[in-house]
Amino acid sequence: PLPHNRDYELDYHLPYIDEIRLENEKGEPLTRIPEVVDCWVESGSMPFAEYHYPMEHRQEFEKRSPGDFVSEYIGQTRAWFYYLHAISVSIFDRLPFRNVLTTGTILAADGQKVSKSKKNYTDPYALFDAYGADAFRYYLMSSVVMQAEDLAFRDEDVKDAHARVVNMLRNVASFYEIFKTDAPPSGASTHPLDRWILIRLNGTAREITEALDRYDVVHATRAIRPFIDDLSTWYVRRSRDRMRGEDTPDKRSALSTLRHVLRELSKLVAPVMPFVAEEVFRAVRSGEDPESVHLCDWPRAERSLFSMAGLFGGKDEATLIAGMERVRALASDALQLRQRAGIKVRQPLGKLRIPDKLAPALAAILAEEVNVKKVVVGYSTVELETELTPELIAEGDERERARAIADARKNEGFSPHDTVTVREHPEGKYQVELSTGTVRFDLAKNAS
């Protein structure tokens, strides 16, 4: 008969289990010893007990001890962590593990500890359905809970991670797929934007690798977000015209660089965001690459990526990074001046005056971003020449027209490879506001 309690329910606890007679393989009776040992002794004995050491498997145990790391909740500092140390030092005179990842407590919005009984949290599966498991993982892995601190969990922060990290990366990969060619991934371009994003990638890989080598999950994970932001909002945006342009060598160079960056980035984010990492990797993988990003070797971060004296105004990558940061700051100031003057960015202007001296390659990027014909240095402040000549107005009209046609193409579902005919007439489906008035037009896809 199986052990049962007074209500005749199956129960393996004392004293009911003692009513069951157990025998060994020889038919000899087995009896329970009367002593009761703290259950944490079992947990603390796990490193050697799982191998049935010292009775057997000595080599296997010695090979795997001490452990590289353990991970548990902060409350285990006085329980499992303590017992692991106490038993290992007592028996082996050494520590049981080299590193520890200790998580803090997750709190609800009202500051109370999340609890099944209180139901004071959103079902994680609802958050997975809404924002994906990658966003959920990124939020937790980059939060203070991974530094043994309390975290007030907010659904809004999972949503933010989905929008500003996961989806932003996914959108960059989708952009690449629209314009991709047969150009292989490459990190050899000399274009300043390509060199800049390659240096940022190398620095990010180094930062993540060094943090993970220290088992510093938070700093490793937090390094991902600013890089994805730079990749999307600066590199891709500034390189968009190159990737869909007619300059074949430059187009291939930009697409090869983006493909290389996405491939290496997918490896870096794989431990934290495994699903979007796989999506991105499959979009850019070459035939000789492993089938999955999770089968790849970890990216190797170089100590120094390149030295190209004079090309970007300095002798090392730090100069280009600092120069690009200054370009972005100057662009932000100039765009604010445009906004105050009420002049759209698509309207070209004559000059931008700046106090800094920039390398010609960086000055060209600044001019394109602000949409000015010339960048002039030697002024005490940032000044924007807002006078519009007939030539500048005409060029602005062309840009407005091109933007309207691009939006219409997208609305019609045309691909970038489709050629279309634009027909202007008063009853057209689309319209664009030019300096000469409103122009209406239709689009028709040309036969291939």
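Predicted model: local features only at pLDDT ≥ 70, side-chain atom pairs only at ≥ 80, totals over all residues.
Residues are numbered from 1 along each chain as its sequence is written, and side-chain values use heavy atoms, with hydrogens and water left out.

Entry on terms: helices (H or I, at least four residues) and strands (E, at least two) are DSSP runs, numbered from the N terminus. Two strands pair if DSSP finds at least two bridges between them.

Entry on pairing: I looked up β7 and β8 (residues 372-377), and they pair in the parallel sense over 5 bridges. With β9 (residues 383-384), β7 pairs in the antiparallel sense over 2 bridges. There, R353 stands opposite E383. A reminder to myself: strands of a sheet pair through backbone hydrogen bonds, either parallel or antiparallel.

Entry on the sheet: I read the order as β8-β7-β9, an open sheet of 3 strands with mixed pairing. Both β8 and β9 are at the edges with a single partner strand each, so one side of each has no neighbour in the sheet. Helix α14 packs on this sheet and touches β7, β8 and β9, and its direction makes about 130° with that of β8. Contact here means heavy atoms within 4.5 Å, and the axes are lines fitted to C-alpha atoms, for helices over the stretch in contact, with angles from 0 to 180 degrees between N-to-C directions.

Is β7 buried or exposed? I found that 5 of the 6 residues of β7 (residues 349-354) are buried, so the strand is largely enclosed by the rest of the structure. Buried means under 20% relative accessible area, exposed over 50%, and partly exposed in between (1.4 Å probe, protein chains only).

Last entry, the whole chain: I noted 15 helices and 12 strands. Buried residues make up 42% of the 448 residues. The C-alpha trace spans about 105 × 55 × 45 Å along its principal axes.
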